[in-house]
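Work through the following exercises with the sequence and the model at hand. Each task is followed by a solution in steps.

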Amino acid sequence: METVEAIQGRRSIRRFKADLVPRDVIERLLDLTIRAPSAKNGQPWRFVVTTGEAKSRLVETLQEVLEETKSKGQPTGSLQGSIQAMAEAPVVILVFNRLSREDIPEPYAYAKLLVDTQSLGAAIQTFLLAAQDMGLGTLWICDVLYARCEVQAFASTKEELMAAIALGIPAETPGERPRQDWRELSTWME
Ligand SMILES: Cc1cc2nc3c(=O)[nH]c(=O)nc-3n(C[C@H](O)[C@H](O)[C@H](O)COP(=O)(O)O)c2cc1C
């Protein structure tokens, strides 16, 4: 598949078939993902791949946080829908920032967060496009940040949780979601 085709064909997938994704396919995806660019080649990513029982425990953890948050009358955004997608997907990959540190003074802490976040975003998008190339569906999920501390405890890490990626064989074929015309979002200076 051409890169352009993968970019144009990718959609956020929220319905997945129950079929498992073979481990060697996930390993190949991660091997491609780490080729993403990163600031100073710092490679801030760490991945925790959850499947089977572990993935079910992750989903349960998120569901508990959802119920607790709702019971406090606090907003939960699209967390319920994201949990549903993760429950259906045979694989959920947690993405952590392994370079996250709490001892950096401002303004460097803010700059570092922005820089690491961009590198991690590049890695996640690389994963999504590689999966698209292999005929797999993905969902980039930041709703897991509602349960940041609980997910870090689940993965036994203090590293900053950045996102999750649901992965599996798509059970839906959504059309292209609306995009604002790039012409309205671009200016040219010559
Ligand atoms: C940083 C980021 C966070 C996202 N978080 C979620 C999420 O938590 N739950 C969800 O269902 N979709 C999430 N999405 C997917 C977006 O909703 C989706 O990309 C957007 O609606 C455009 O649709 P498309 O990906 O099919 O083009 C996220 C996407 C990005 C880039």
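**Exercise 1. Burial of L79**

Task: Determine whether L79 is buried or exposed, and list what L79 touches.

Solution. Step 1: L79 has 21 other C-beta atoms within 10 Å and is therefore buried. The cut-offs are 20 or more other C-beta atoms within 10 Å for buried, 12 or fewer for exposed, and partly exposed in between, with C-beta atoms placed from the backbone. Step 2: this is a predicted model, in which local features need pLDDT of at least 70, side-chain atom pairs count only at pLDDT 80 or more, and totals for chains, interfaces and linings use all residues. Residues are numbered from 1 along each chain as its sequence is written. Step 3: L79 sits in helix α4; helices (H or I, at least four residues) and strands (E, at least two) are DSSP runs, numbered from the N terminus. Step 4: leaving aside residues up to four places away in sequence, L79 touches L66, D143 and Y146, where contact requires C-beta atoms, placed from the backbone, within 7 Å. Step 5: L79 and V48 are 31 residues apart along the chain, and 20 Å separates their C-alpha atoms.

**Exercise 2. Buried faces of two helices**

Task: Find which residues of α4 and of α2 are buried, and what covers them.

Solution. Step 1: the buried residues in α4 are L79, S82, I83, A85 and M86. They lie on the same side of α4 because they cover an arc of only 160° around the axis, the arc being that of the directions from the helix axis to the C-beta atoms. Step 2: the cover over these α4 residues includes α3, β2, β3 and β4. Step 3: in α2 (23-33), I26, L29 and T33 are buried. Their arc, seen down the axis of α2, is within 60°, so they line one face of the helix. Step 4: D24, E27 and D31 are exposed on the other side of α2. Step 5: β1 (45-51), β2 and α5 are among what covers the buried residues of α2.

**Exercise 3. The nonpolar core**

Task: State how many residues the largest nonpolar core has, and which touch the most other members.

Solution. Step 1: the core has 41 residues; such a core is a set of buried Ala, Val, Leu, Ile, Met, Phe, Trp, Tyr and Cys residues joined through C-beta atoms within 7 Å. Step 2: V92, V95, V144, A164, I165, A166 and L167 touch the most other members. Step 3: elements giving two or more residues to this core include α3 (52-71), β2 (91-97), α5 (108-133) and β4 (160-168). Step 4: apart from residues up to four places away in sequence, V95 touches W45, F47, L120, I124, M162, A163, A164 and I165.

**Exercise 4. Backbone exceptions**

Solution. P107 is in the loop between β2 and α5. Q43 is partly exposed, with 16 other C-beta atoms within 10 Å. With 7 other C-beta atoms within 10 Å, S156 is exposed. For reference, most residues other than glycine have a negative phi, and most peptide bonds are trans.
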